[in-house]
Amino acid sequence: MTPVDLRVEGLALRAGGTASGRYLIEGLDFRIGAGECWVVIGPNGAGKSSLLGALAGVFPAACGRVLVDGRALADWPPGALAGRRAWSPQFWSDPFPSTVAETAALAHGRSAGWGRWFGDGMPVEVRERLDELALTSLADADVQSLSGGERQRVAIATALLQSAPLLLLDEPASHLDPAHQRLLLAVLRRHALSGGSVVASLHDLDLAWDLASHCVLLDGRGRALAGARDSVLVAGRLADVFGVAIEAVDVRGARRFVVTDAEATPR
């Protein structure tokens, strides 16, 4: 895997991607390198999905720019960009019946060549990804029949099968039970250890701590802070952003965040 270099310079985003929308983010700068796992945290409506979309090149920037390997997103041919970054949105649509294996193989076909799709059965790479995400028993199931958590794991498998070094995942832990959340963390860590990079938006602060090497914290008022996990995911700062009292405690070497004031008003 050839590592990707993603740079964000002076990025500003407006709600809805329109000139009249309120500012979600202003003047955001950060850089993502190989082996890093970034999480995007913030209250509802702060712009987490918009930021993931902007990094993928599917949400317009009000100003600033995003560069992949030193090249602005707009200058990349779509096929070449797909080889450098994989974007998994928060919501998906399955307009027609398709098996789990067929859905996953679509992404693999893009990266490996369509001739290798199903000529002699399921490609080895597809089988390995389904096994990695505990989906092998569902390979022949219709994606329209899956639970939310099962379909989420198919989406993650599809992103991985695109064979891009940079994964941009919008709420990849949604619908996942605790066991599959831990499975997700292991899969994403392996991707980073292999030379890839991960950017994922999350709501669960404990999960964010466990995954992140770095973090982008959006406050919902146009401000953002990007940096190393330990300097961004701080209880007092999180309390200010979310409008509730939050304490950090260590449990068997892991940082856990506890909301201690249910009466506070969300910002």
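## Surroundings of Val 198

Leaving aside neighbours within four places in sequence, Val 198 is in contact with Glu 36, Cys 37, Trp 38, Leu 167, Leu 188 and His 191, where contact means heavy atoms within 4.5 Å. Val 198 is found in strand S8. Helices (H or I, at least four residues) and strands (E, at least two) are DSSP runs, numbered from the N terminus. Val 198 is buried, with a relative accessible area of 0%; buried denotes under 20% relative accessible area, exposed over 50%, and partly exposed the range in between, with a 1.4 Å probe and protein chains only. Val 198 and Tyr 23 are separated by 175 residues in sequence and by 25 Å in space, C-alpha to C-alpha.

## Basis of the model

This is a predicted model, in which local features need pLDDT of at least 70 and side-chain atom pairs count only at pLDDT 80 or more, while totals for chains, interfaces and linings use all residues. Residues are numbered from 1 along each chain as its sequence is written, and side-chain values use heavy atoms, with hydrogens and water left out.

## Overall dimensions

The protein chain has nine helices and 12 strands. For 267 residues, a compact globule would have a radius of gyration near 18 Å, and the 19 Å of the protein chain agrees with this; the radius is taken over C-alpha atoms, and the globule rule is 2.2 Å times the number of residues to the power 0.38. Along the principal axes, the C-alpha atoms fill a box of roughly 55 × 45 × 35 Å.

Of the 267 residues, 49% count as buried. The accessible surface comes to about 12100 Å², and 53% of it belongs to carbon and sulfur atoms; accessible areas come from the Shrake-Rupley method with a 1.4 Å probe, and for residues only the protein chains shown count as cover. Among contacts with a separation of 6 or more, 64% are accounted for by residues 24 or more positions apart.

## The six-stranded sheet

Six strands form an open sheet in the order S6-S7-S8-S3-S9-S10, with mixed pairing; two strands pair if DSSP finds at least two bridges between them. The edge strands are S6 (85-88) and S10 (224-228), each of which pairs on one side only. Neighbouring strands of this sheet are turned by 10° against each other on average, direction ignored. For such angles, axes are lines fitted to C-alpha atoms, for helices over the stretch in contact, and angles run from 0 to 180 degrees between N-to-C directions.

Strand S3 (residues 37-41) and strand S8 (residues 197-201) are parallel and share four bridges, with Val 39 opposite Ala 200 in S8. S9 and S10, by contrast, pair in the antiparallel sense over five bridges, and Val 216 stands opposite Ala 226 in S10. The hairpin of S9 and S10 has five residues between the strands, and Gly 220 there takes a positive phi near 80°.

## The four-stranded sheet

A further open sheet has four strands in the order S2-S1-S4-S5, with antiparallel pairing. Strand S2 (23-32) and strand S5 (71-72) each have a single partner strand, so one side of each is left without a neighbour in the sheet. Strand S1 (residues 6-14) and strand S4 (residues 63-68) are joined antiparallel by five bridges, and Arg 7 has Leu 67 in S4 as its bridge partner.

S4 and S5 run antiparallel and are joined by two bridges; the bridge partner of Leu 67 in S5 is Ala 72. Two residues lie between the strands of this hairpin, in which Asp 69 takes a positive phi near 55°.

## Helix H1

Helix H1 (residues 48-56) lies across S3, S6, S7 (166-170), S8 and S9 (214-218), running at about 155° to S7. Eight of the nine residues of H1 are buried, so the helix is largely enclosed by the rest of the structure. The buried residues of H1 include Lys 48, Leu 51, Gly 53 and Leu 55. Gly 57 follows H1 and has a positive phi, near 90°.

## Nonpolar cores

A nonpolar core is a set of buried Ala, Val, Leu, Ile, Met, Phe, Trp, Tyr and Cys residues joined through side-chain atoms within 4.5 Å. The largest core has 56 residues, of which Ile 41 and Leu 130 touch the most other members. Helix H5 (residues 148-161) supplies the largest share of this core, six residues. A second, separate core of 29 residues includes Ile 32, Trp 38, Ala 46 and Leu 55.

Beyond residues up to four places away in sequence, Ile 41 touches residues including Lys 48, Leu 202, Val 216, Leu 233 and Phe 242.
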